[in-house]
Amino acid sequence: MSKLAPYAATDASSRGRRHKEPGPNYRTEYQRDRDRIVHSSAFRRLEYKTQVFVNHEGDMFRTRLTHSIEVAQISRSIARILNLNEDLSETIALAHDLGHTPFGHAGQDALNYCMKDYGGFEHNLQSLRTVDELEKSYADFAGLNLTFESREGILKHCSPIKAKALGDVGQRFLDKQQPNLEAQAVNLADEIAYNNHDVDDGLRAGLISIEQLNEVALFNTQFIAVKSSYPKLQGRRLVHEIIRRVINVLVVDLIETSQARLQAAAPESVDDVRQQGQALIGFSDEMKEQSLELKRFLRNELYRHYRVHRMTNKADRIIRDLFDGFMTDLHLLPPEQQKTASAYEHNDGKHGRALAVADYIAGMTDRYAIREHRRIFDPSELT
Ligand code: MG
């Protein structure tokens, strides 16, 4: 790793872990965080969770696991060139979706609806809850006992009410402070990754077309460039050639804009970064506008496509049925979850029960949720 900038996160300036541990022998603190994530069961389950297309629709589509790896790749490129802590960016990227429900955004919306009387459900908060509480592998503590900086980065959004309950890691939402720069890089790498891979997956599924995409400036500029160099190029290679250039244009703009902002603001430490009035990692105004145009296109043409909608509708039903079923009859839960739900309920009444049910559902993969739904509600399973 080249020399880190003064505003990069370092082991020496880290605010540490919740449970004190001896330092790692041959790794940095953030490398250790990353490795704990890679070895977690929540990380393995990302393989079977939907990004946009339900996991079993085809083997070529992105899943939350491949999405997270793409985000990590882009985050590391940005972090390295800006002399930020590449390991911390990678850690946050690999962990950022750990708390995601099955069935992508449809699942998140459904669970949030189910939890409306119990404080709602936020997947960023659930990612933090996963690394802080739900993973149970270490003898000395619940969760993965990650550093403050990794936890700060994982908690991308948080409502003020929930922030208050979280203590130190929630404080920035009350004080309106920025997260570390490595986390800021991941936030935008996430956006770059999903906009582009959703274009790719949408084209692959035949739900959107190149003709439609040519109305989006970001895509059209690269389409023209590729076609002028390779007039005969078609199919998957044409698509890939365009998308890789779009990603590059976005990343280059992000790096150059951020470099200029960092130079102007000249923060001298991570705490300086946190005090800034706005994020220092960002796109130029023009690129921000173009990126928004692509987002709008995807929302209207892909995420609201009737075939996607049919799928999300089904997903919505599965989540609601499971939630209502477990809330009505705790004995439908497997023994371990039943024990947790009873313990939570003992402490916190119906809120506690709802929290345990939401944890169980959020942790499910797509196919596990489908199977669980069938086992509980399908009368033909009796035979
Ligand atoms: Mg993401």
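Visitor: Where does Asn145 sit?
Guide: Asn145 is in the loop between helix 6 (123-134) and helix 7 (148-154). A helix here is a DSSP run of H or I with at least four residues, a strand is a run of E with at least two, and both are numbered from the N terminus. This is a predicted model: local features need pLDDT of at least 70, side-chain atom pairs count only at pLDDT 80 or more, and totals for chains, interfaces and linings use all residues. Residues are numbered from 1 along each chain as its sequence is written, and side-chain values use heavy atoms, with hydrogens and water left out.

Visitor: Why is Asn145 called buried?
Guide: Its relative accessible area is 5%. Buried means under 20%, exposed over 50%, and partly exposed in between, using a 1.4 Å probe and protein chains only. Asn145 therefore counts as buried. Its phi is positive, about 50°, although it is not a glycine.

Visitor: Why is helix 10 described as largely enclosed?
Guide: Of its 24 residues, 21 are buried, so the rest of the structure largely encloses helix 10. Leu188 lies in this helix. At 14% relative accessibility, Leu188 counts as buried.

Visitor: What does Leu188 touch?
Guide: Contact means heavy atoms within 4.5 Å. Not counting residues up to four places away in sequence, Leu188 touches Leu254, Ile281, Gly282 and Phe283. Leu188 and Gly282 are 94 residues apart along the chain, with their C-alpha atoms separated by 7.3 Å.

Visitor: Which residues make the contact between helix 3 and helix 13?
Guide: First, the geometry. The axes of helix 3 (residues 64-81) and helix 13 (residues 235-265) come within 10 Å and cross at roughly 30°. Axes are lines fitted to C-alpha atoms, for helices over the stretch in contact, with angles from 0 to 180 degrees between N-to-C directions. Helix 3 contributes Ile74, Ile78 and Ile81, while helix 13 contributes Ile247, Val251, Leu254, Ile255 and Gln259.

Visitor: How many of the residues in this contact of helix 3 with helix 13 are nonpolar?
Guide: Seven are nonpolar, one is polar and none is charged. Ala, Val, Leu, Ile, Met, Phe, Trp, Tyr, Cys and Pro count as nonpolar; Asp, Glu, Lys and Arg as charged; the others, Gly among them, as polar.

Visitor: What makes Pro6 exposed?
Guide: Pro6 has 55% relative accessibility, so it counts as exposed. It is found in the segment before helix 1 (29-38). Leaving aside neighbours within four places in sequence, Pro6 is in contact with Pro267, Glu268, Ser269 and Val270.

Visitor: How many residues of domain 1 are in contact with domain 2?
Guide: 31 residues of domain 1 are in contact with 27 residues of domain 2. The division is domain 1 (29-307) and domain 2 (309-377), with bounds from an automatic or database domain assignment. Their C-alpha centres lie 27 Å apart.
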